[in-house]
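Here are some friendly notes to read alongside the model.

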Amino acid sequence: MMLSTKGKYGLRAVLDLALHSEESVISLSAIAERQDISISYLEQLIAKLKKAGIVNSIRGAQGGYVLSKPPSDISVGEILRALEGNLNPIKCSELSGEKGCNGADSCVTKFVWKRISDSINNTVNTMMLSELVEESRRIGDNINKQNL
């Protein structure tokens, strides 16, 4: 399974919000500049994140975006699913719970896809945005110390 740029850039944008919105709201142009993402693409990503309840918008001249809840309450899985949809490695009725696969009763490979799907979902569901914030700050601190 490969995530698209929606997942990659969207996760970076949410992490940017988590790192910078503690003091004030953050404009899309600030995120776009720091993350090297076009504003028009970022608008599409933020719209999906807003619809999923991950970010809130603040209107007005000093408006922008903030996280809707603390980073410790936002999982990476929640972010990725808001941007990508389900994270199943393949289209399989066994994973989606849908009926319609004629070979489901005799399909052995569905067990492989189920284990892969469970592993992916377990990983991203238990990894919280706050962990990425901590790691980002740790890496940033190390870079700053090396440049002294």
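Predicted model: local features only at pLDDT ≥ 70, side-chain atom pairs only at ≥ 80, totals over all residues.

**Notes on the helix contacts**

1. Residues are numbered from 1 along each chain as its sequence is written, and side-chain values use heavy atoms, with hydrogens and water left out.

2. Asp-16 belongs to helix H1, residues 5-20. Helices here are DSSP runs of H or I with at least four residues, numbered from the N terminus. Is Asp-16 buried or exposed? Asp-16 is buried, at a relative accessible area of 2%; the cut-off for buried is under 20%.

3. The side chain of Asp-16 also has a polar partner: it makes a polar contact with the side chain of Gln-35 at 3.0 Å. A polar contact is a pair of N or O atoms within 3.5 Å; within protein, one must be able to donate a hydrogen and the other to accept it, and residues adjacent in sequence count only if both atoms are side-chain atoms.

4. Now the helix pair around that residue. The axes of H1 and helix H2 (residues 28-35) come within 10 Å and cross at roughly 115 degrees; axes are lines fitted to C-alpha atoms over the stretch in contact, with angles from 0 to 180 degrees between N-to-C directions. That makes H1 roughly perpendicular to H2, a label for angles of 65 to 115 degrees. The crossing of H1 past H2 is right-handed, meaning that the near helix is turned clockwise from the far one by less than a right angle.

5. Which residues meet here? From H1 come Arg-12, Ala-13, Asp-16, Leu-17 and His-20, and from H2 come Ile-31, Arg-34 and Gln-35. The residues of this contact divide into 3 nonpolar, 2 polar and 3 charged. Ala, Val, Leu, Ile, Met, Phe, Trp, Tyr, Cys and Pro count as nonpolar, Asp, Glu, Lys and Arg as charged, and the others, Gly among them, as polar.

6. H2 and helix H3 (residues 39-51) have axes that come within 10 Å and cross at roughly 115 degrees, and H2 and H3 are therefore roughly perpendicular to each other. Leu-28, Ser-29, Ile-31 and Ala-32 of H2 make the contact with Ile-39, Leu-42, Glu-43 and Ile-46 of H3. Those residues divide into 6 nonpolar, 1 polar and 1 charged.

Note on methods:
Helix = DSSP H or I, 4+ residues; strand = E, 2+ residues; numbered from the N terminus. Buried < 20%, exposed > 50% of the residue type's maximum accessible area, 1.4 Å probe, protein only. Parallel < 35°, antiparallel > 145°, perpendicular 65-115°, else oblique. Contact = heavy atoms within 4.5 Å.
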